[in-house]
Amino acid sequence: MSKQLSARDVFASRLGILAATLGSAVGLGNIWKFPALTGQNGGASFLLLYVLATLIVGLPVMIAELTLGRTARANSVSTFRKLAPGTAWWLIGLSGVTSAILILGFYTDVAGWVLDYIVKSVSGSVTTTDPAAAKLIFDGMVTSPIEPVIWQWVMLGIAAVIISKGASKGIEKVTRVLLPMLFVLLIVVCIRSVTLPNASEGLRFLFMPDFSRVDGTVVLTALGLAFFKLSLGMSIMLTYGSYFRDDVNIPFMATRVVILDLIVSMLAGVAIFPAVFAFGFEPTAGPSLLFMTIPAVFASMPGGYYFTVIFFFLSGIATVGAILSLMEAVVAYVSEGLSIDRRIAAFGTAIFLGLIGLPATLSTGVWAHIKMFGMTFFDFYDFLSSNLLMPIGGMATCLFIGYVLNKETFVNALSNNGALNNQWLGRGIVSLCRFVTPALILVILLQGLNIF
Ligand code: PHE
């Protein structure tokens with residue numbers, strides 16, 4: 001292998017680092033999960049809890065993961081092997097890679113639906129104001145044994161091509177173009193939505209808290225969403241941190257990512273809720289909001305055809321950055337851990353993921369009757385990764401920083417070896433990682449397992 005190939009890649013510019021990391025955070029979580037959960041859990045009061053969870057739990061964990069990755073400059077498994085040789089902590093990395101594989105199994109399925117809907121919206125075949133007809137179209141797609149599989153493979157193929165080019169020439173280059181596009185398109189849809197008659201009702205729903213709706217489950221749902229949104233607890237930020245340059249101010253970068261990600265969620269809410277209220281649809285539609293309610297809502301408004309196309313196109317863009325980060329965590333491990341050429345690792349991983357994803361994709365149709373622990377494959381992958389492996393990974397990473405890693409190593413790494421004056425922050429994060437954050441995550445975990 002030539003010298004150039006064996007040297008480890010780093011993201012080339014600060015803007016590129018921001019784009020790649022924000023690209024991982026932004027995704028279906030903003031456009032699909034956030035509006036659906038906000039709609040179901042009382043609007044603004046949920047939003048407030050979600051913002052608090054993001055700032056109090058999400059941000060410190062993200063800073064911690066990025067710092068670990070940059071310190072070791074390796075894939076997630078080797079990161080723990082390097083920082084704690086001879087111990088079993090590398091299993092956290094392996095659990096992260098496993099959960100990335102499981103998330104990809106169902107996430108690329110939904111991303112495939114989005115691609116399918118881009119084409120359908122361009123051809124005008126999802127343009128209907130009748131929710132029952134919208135449901136028929138959606139059901140027709142997800143129950144087909146072929147259509148969603150093809151779109152899932154298209155999505156995996158696109159991701160493999162980008163990943164095979166490397167962290168800087170692939171991921172960074174693509175996300176630098178896609179993210180500004182996403183912002184512009186989202187703002188266009190927002191302007192349309194808030195200028196509809198009655199838009200204020202939707203805005204009130206999103207921004208006026210109703211605390212009577214808050215209970216323990218709502219708080220925990222907000223915490224779980226914060227984890228999913230910021231791609232935490234599963235090797236992603238560790239892997240991306242390993243491509244950060246030494247002079248990047250990690251806390252500052254992470255803060256920008258977190259704030260911009262919140263802004264995208266907020267914009268998605270502003271794009272959706274005023275329109276939903278203006279045309280008398282239900283905000284509590286849940287996951288079907290994206291595929292059934294949105295096309296019907298947009299078809300009801302002037303210029304609806306174009307806004308439906310734009311909306312699905314921007315949703316497609318949003319999924320790409322998230323999928324790239326999930327796949328990168330797997331490819332970095334496969335190519336470095338097994339010393340396989342990156343291009344072969346990228347395409348090999350895509351094929352493997354296509355096979356893993358197949359049962360999830362078929363489980364909304366012909367395999368709906370096959371159940372694992374009472375769940376379809378789709379739900380089982382989601383449950384295992386989001387409710388089990390992600391919180392365990394996040395908690396274990398915090399405990400690793402709190403109790404295993406030398407405190408000064410972490411403080412030093414976070415301050416770029418003393419170049420930044422933020423030692424107080426490093427110490428603060430280590431203290432949070434000792435007790436507060438793992439305890440909060442434990443609560444998410446127990447709730448995810450329905451223990452309370
Ligand atoms: N953060 C992404 C989103 O909100 C999803 C994701 C989860 C990506 C976990 C990577 C890892 O859509």
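Biologist: In which helix is the place of Ala439?

Modeller: This is a predicted model, in which local features need pLDDT of at least 70, side-chain atom pairs count only at pLDDT 80 or more, and totals for chains, interfaces and linings use all residues. Residues are numbered from 1 along each chain as its sequence is written, and side-chain values use heavy atoms, with hydrogens and water left out. Helices are DSSP runs of H or I with at least four residues, strands are runs of E with at least two, and both are numbered from the N terminus. On that basis, Ala439 belongs to residues 436–448, which form helix H20.

Biologist: Does Ala439 count as buried, partly exposed or exposed, and what is its relative accessibility?

Modeller: Buried means under 20% relative accessible area, exposed over 50%, and partly exposed in between, with a 1.4 Å probe and protein chains only. Ala439 therefore counts as partly exposed, its relative accessibility being 29%.

Biologist: What distance separates the C-alpha atoms of Ala439 and Met395?

Modeller: Along the chain, Ala439 and Met395 are 44 residues apart.

Biologist: Which cysteine sulfur is nearest to that of Cys433, and how far away is it?

Modeller: A disulfide is a pair of cysteine sulfur atoms within 2.5 Å, and the structure holds zero of them. Cys433 is accordingly in no disulfide; the nearest cysteine sulfur is that of Cys398, at 4.1 Å.

Biologist: Is Cys433 buried or exposed, and what is its relative accessible area?

Modeller: The class follows from the cut-offs already stated for relative accessible area. Cys433 is buried, with a value of 2%.

Biologist: How many helices and strands does the protein chain have, and what is its radius of gyration?

Modeller: The secondary structure comes to 20 helices and zero strands. The radius of gyration is taken over C-alpha atoms, and the globule rule is 2.2 Å times the number of residues to the power 0.38. For 452 residues the rule gives 22 Å, and the chain is close to this, so it is as compact as a globular protein of that length, with a radius of gyration of 21 Å.

Biologist: What share of the residues in the protein chain is buried?

Modeller: The count covers the 452 residues of the protein chain. Buried residues make up 59%.
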